[in-house]
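Colleague: I have a few things to ask about this one before I use it. Could you put it up, and we can go through it together?
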Amino acid sequence: MILSIASGKGGTGKTTVAVNMALSLKDVQLLDCDVEEPNVHLLLHPEINEEKPVYVSTPQVNEELCDHCGKCSEFCEFNALFVTPEKVLFFTELCHSCGGCLLVCPKNAITEKNLKIGEIKMGVAEGVELVYGELNVGEPMSVPVIKDVKKQIKSSKTVIIDSPPGASCPVIESVHGSDYCLLVSEPTPFGLHDLRIMIQVLEGLNIPFGVIINRAGIGDRKIYDFCEEKGVPILLEIPFQRKIAELYSRGIPFVVEMPEWRREFRLLMDDIKGV
Amino acid sequence: MKQITILSGKGGTGKTTITASFAVLAHDIVMADCDVDAPDLHMLLHPQIMKTQEFKGPKLAVIDRTKCTECGLCKNSCRFDAIDDSLQIDPFSCEGCGVCVVVCPEEAISLQERISGYAFISKTKYGTMSHARLNPGEANSGKLVTLVRHNARQVAEKENRELILIDGPPGIGCPVIASISGVNAGLVITEPTVSGIHDLERALQLLRHFNISSFVCVNMYDINKENTKRIIGFCEKNGAEIAGTIPFDPLVTKAMVAGKTVVEYAPRSAVSHEIKVIWKEILSALKGNE
């Protein structure tokens, strides 16, 4: 079972849900796909036993073979190559590593080299297997790092994926292929607005989903009305409590100090499996 | 013309709440909402759209079934696993690179343009706003951010405005880089949580990477005062200026529910007072840079 956790809006409690759920279930592999700002390890303090670099392929032009015909730059949909009569200029940050420039070069003047853009780390904490990625600061493309994190999926386990915020490519890459997605939101206008965007994404991807309302009690009731009208199940409410917020601020998963919540997360998982 | 981006690394720390309040305090600026995946600024500033522009994102490969001989070369050449065994193209995975077009011996594949979102120029009570909406699940939000910023600059020139206020997306990747490239300063909104601190450090590294001067605001500072002290200490050591601290107050959520900025909803609150202090601080620092 692969369960992803997403939200649209940032800071609604994705990581809180992912970590507390992982600690409440057995035989869990937890993947932190928010590789721009990974936070799961800050709550779990895993012992890291393996690190792997993440590379992307970027073109390298052999100026001795190149006759500056411009076919590579004409081909490149991302404008990563610019050919002058004397030189080929390459803009790494625009390259998607599709390999097309190599294919179209009539002089075979282009080869590829690996560029390290981040790394993935693997470890264990409290019986939870953790994999997380870290994009190097200054690198724009997080998707290749997310892909490498997801290559570590062990489908025999209960896999929980913590996704990045937003609703574009890094989120798609994170939730793609999951059996179910939990959308964590909060009962505020921003929370509802961004929840609606994520629902459209999941409907497009054909992934079944349910909602967790975090910080229940703040804001208004519109998110409840919306879910009822749309037939979207609200699977769990986590109340706004200063204690939960303070524990989070110190990097402590709340089930550690409020063990009664472990049962709630186990029941939540049963609900999801029932769907 | 000056530009400042509000960013955070971690989502949900209060970027939009604070940006919207700045917009009210500033009067004579242009606003740009660069969180194009999940834009929220419009819910507080209530823009009236004056101009809509289509945004063409990455293209999409389309296979002409009448020409396809199912040789599978396209599938084997695609590095994005966007073509499955039955040679169907997954529009969510296709990046529109055109490799399949080149390798197809039957010339059965072409790239088609797709509309990935819309950019808007709008009037608000507080000035002109440039914003956008990426269609859910689309790629290339960085390119749309660049368009939003281009539009904001054009408006600022036309209206003779001296400052563009940019609400950035969370994270540190492509759309964030597009939101900060070439700006005069970045204001990082953080919160005194372990995650907030970690994400602040990476956001500050990003600003340094691009040689942009950085300011930090600790929002909800009283949730954990010890962590707030750590943040202030860290900023002092790393050359980031603390622009101010804002207390936690449920009023902020109430203002959001009312669809108002907090400085309008509760002008006498401590939160509004601090936001005003921070805005003054930022303005004088930006002027001092001249």
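Colleague: To start, what percentage of the 275 residues in chain A is buried?

Modeller: Buried residues make up 50% of the 275 residues in chain A, where a residue is buried if 20 or more other C-beta atoms lie within 10 Å of its own, exposed if 12 or fewer, and partly exposed in between, with the C-beta atoms placed from the backbone. Please keep in mind that this is a predicted model, in which local features need pLDDT of at least 70 and side-chain atom pairs count only at pLDDT 80 or more, while totals for chains, interfaces and linings use all residues. Residues are numbered from 1 along each chain as its sequence is written, and chains are lettered from A and ligands numbered from 1 in the order in which they are written.

Colleague: Fine. How many helices and strands does chain A have?

Modeller: Chain A has 11 helices and 11 strands, taken as DSSP runs (H or I with at least four residues for helices, E with at least two for strands) and numbered from the N terminus. The C-alpha atoms of chain A fill a box of roughly 70 × 45 × 30 Å along the principal axes.

Colleague: And which domains does the assignment give for chain A?

Modeller: The assignment for chain A gives domain 1 (2–54 + 118–274) and domain 2 (63–108), the bounds coming from an automatic or database domain assignment. The C-alpha centres of domain 1 and domain 2 of chain A lie 40 Å apart.

Colleague: What about the domains of chain B?

Modeller: For chain B the assignment gives domain 1 (2–56 + 125–288) and domain 2 (58–113), and the C-alpha centres of these two domains of chain B lie 40 Å apart. Their contact takes four residues from domain 1 of chain B and four residues from domain 2 of chain B, where residues are in contact if their C-beta atoms, placed from the backbone, lie within 7 Å.

Colleague: Switching to the interface, how many residues of chain A are in contact with chain B?

Modeller: In chain A, 53 residues are in contact with 52 residues of chain B. On the chain A side, α4 (100–104), α6 (169–175), α7 (189–205) and α9 (242–249) each supply at least two residues, and α7(A) gives the most, with nine residues. By class, the side of chain A that touches chain B has 23 nonpolar, 22 polar and eight charged residues; here Ala, Val, Leu, Ile, Met, Phe, Trp, Tyr, Cys and Pro count as nonpolar, Asp, Glu, Lys and Arg as charged, and the others, Gly among them, as polar.

Colleague: Which residues of α9(A) are buried, then?

Modeller: In α9(A), the residues A:I244, A:L247, A:Y248 and A:S249 are buried. The buried residues of α9(A) pack against α1 (14–24) and α10 (254–257) of chain A, together with α7 (194–209) and α8 (225–237) of chain B. After α9(A) comes A:G251, whose phi is positive, near 80°.

Colleague: Last topic, the chain B sheet: in what order do the nine strands come?

Modeller: The nine strands of chain B form an open sheet in the order β3-β6-β7-β2-β8-β1-β9-β10-β11, with mixed pairing, where two strands pair if DSSP finds at least two bridges between them. In chain B, β3 (48–56) and β11 (241–246) stand at the edges, each with a single partner strand, so one side of each is left without a neighbour in the sheet.

Key: Contact = placed C-beta atoms within 7 Å.
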